[in-house]
Amino acid sequence: MPHPLIDEALLRQLKPGLHIHDDAALNAEPGLDLLVDPITPVDTFFIRNNGTVPSIADEVDWTLTIDGEVERPTRWTLAALRARFETVTLTAVLECAGNGRSQFSPATDGLPWRLGAVGCARWTGVRLADVLADAGVRETAVYTGQYAPDRLISDPSRPALSRGLPIAKALSPETLIAFAMNGEPLPRLHGGPLRIVAPGFPGSAWQKWLDRVELRACEHDGEKMGGTNYRLPTAPVAPGEPLDPSRFAVITDMPVKSLISAPLAGFTVPVGAMLEVSGFAWSGAIALAGVRVSCDGGENWREAALEDGEGRYAWQRFRAAFAIARAGPLAVLAQARDVEGHVQPLEIAWNPRGYCNNQVQRVEGVALAA
């Protein structure tokens, strides 16, 4: 159906093949057949919004304010940021915390993302730490508050999203204020002219259309920072159980995960042929260790070949091949693990908001007699 915030024909031209979710805000994701490149092209990268896409008349006039628990509040234009600070490029996976939510049963609140709300891009910008150091970080600063001009569709007087980062993450060298994506100016649909890049953290922390960073003396309390928003329970919660927000913690690390991009669901392969399996694996704060793959539903496994990624926070392609000896159903699984021993679960770990689903993906097909 036509989307209220953007001409759908234009979106189809910019991002052909994306599934547009039925939501007031603009949200869309690619099919797994499009997630085959080590660097995800902009035209296949997913779109996540909590409210409006801001109208920006002239990016030359855009400013970024740094204030709060700093010695010298400052305001920067894009040109001044680029002139004053070192420009760096970093490759990192961006994943929505709700990616895979459609697999939860019983269903949870939130967009029913399939598995395509993830991508890996080259992000270019300046280090947030450098910009904060220039302003003078006070010892009282423990969190950032991040602000942007997007507004809730149901109540335009309220911001759509105002997330933050713990000060340690804000000052880590991989955290950027980005103005480019895959070597081109940051597209408006992806937060241009400025956004936060916080590798390993959920996409909600990667504030788009960034126009202010406030250092806080407490955990940020902006829009969608409180309650159970982008939080996981600190102890298991059963479906239907009353929710106590005090027993939820902010998501600050995305779990180890893999994505099978070939073969696709419903595949066929002739007996006597080789079944080629490939995809990508990644992890958050803890480095990826390896991936094992099965083509018989998990009865037998073999270690996949793992290619190097473009740096610590990029995803890594894995490959495995299986000789198909007999006809019948096949079920391909890939299970990633990190260097501290965390492993993708075979069964989904249910939580009431449908976050951080890293259940092992299952791709079913058939081996056909020659």
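These legends go with a set of close-up views of one predicted model. Since the model is predicted, local features need pLDDT of at least 70 and side-chain atom pairs count only at pLDDT 80 or more, while totals for chains, interfaces and linings use all residues. Residues are numbered from 1 along each chain as its sequence is written, and side-chain values use heavy atoms, with hydrogens and water left out.

**View 1. Phe-45 and Trp-123 meet edge-to-face.**
Rings of Phe, Tyr and Trp (its six-membered ring) pair if their centres lie within 6.5 Å; planes under 30 degrees apart are stacked, over 60 edge-to-face, and the rest tilted. The whole structure has eight aromatic pairs. In this one the ring centres sit 6.1 Å apart with the planes at 85°, so it goes down as edge-to-face. Phe-45 comes from the loop between strand E2 (28–29) and strand E3 (63–68), and Trp-123 from strand E6 (residues 118–127), so the pair ties together parts 78 residues apart in sequence. Strands are DSSP runs (E, at least two residues), numbered from the N terminus. Both Phe-45 and Trp-123 are buried, where buried means under 20% relative accessible area, exposed over 50%, and partly exposed in between (1.4 Å probe, protein chains only).

Phe-46 is in the loop between E2 and E3, and Trp-113 in the loop between strand E5 (87–95) and E6, so parts 67 residues apart in sequence get tied together. How buried are these two? Phe-46 has 4% relative accessibility and Trp-113 has 0%, so both count as buried. Ring pairs also link Phe-45, Phe-46, Trp-113, Trp-123 and Trp-206 into a cluster.

**View 2. Strand E6 and its partners E5 and E8.**
Two strands pair if DSSP finds at least two bridges between them. E5 and E6 run antiparallel and are joined by nine bridges; one to look for is Thr-91, whose bridge partner in E6 is Arg-122. E6 also pairs with strand E8 (residues 176–181), again antiparallel, over five bridges. Thr-124 stands opposite Ala-180 in E8. E6 is mostly covered, with nine of its 10 residues buried.

**View 3. An open, five-stranded sheet.**
The strand order is E15-E22-E21-E17-E18, and the pairing is mixed. Strand E15 (267–270) and strand E18 (302–303) stand at the edges with a single partner strand each, so one side of each has no neighbour in the sheet. Strand E17 (residues 288–294) runs antiparallel to E18 and is joined to it by two bridges, with Arg-292 partnered by Glu-303 in E18.

**View 4. The largest cavity and its lining.**
A cavity is a set of points on a 1 Å grid over the protein atoms alone where a 1.4 Å probe fits but cannot get out; lining residues have an atom within 4 Å of a point. There are five cavities of 30 Å³ or more, and the largest has a volume of about 260 Å³. Its lining has 20 residues, with Arg-48, Asn-49, Arg-195, Gly-203 and Lys-208 nearest the centre. By class, 10 lining residues are nonpolar, six polar and four charged.

**View 5. Two cysteines, Cys-218 and Cys-295.**
Cys-218 is partly exposed at 38% relative accessibility, whereas Cys-295 is buried at 13%. With a disulfide taken as a pair of cysteine sulfur atoms within 2.5 Å, the count is zero.

Terms used
On a 1 Å grid over the protein atoms alone, a cavity is a set of points where a 1.4 Å probe fits but cannot get out, and a pocket is an open set with protein on both sides within 12 Å along at least five of seven lines; lining residues have an atom within 4 Å of a point. Grid points are joined across faces, edges and corners, and a volume is the space filled by probe spheres set on the points. Ala, Val, Leu, Ile, Met, Phe, Trp, Tyr, Cys and Pro count as nonpolar, Asp, Glu, Lys and Arg as charged, and the others, Gly among them, as polar. Helices (H or I, at least four residues) and strands (E, at least two) are DSSP runs, numbered from the N terminus.
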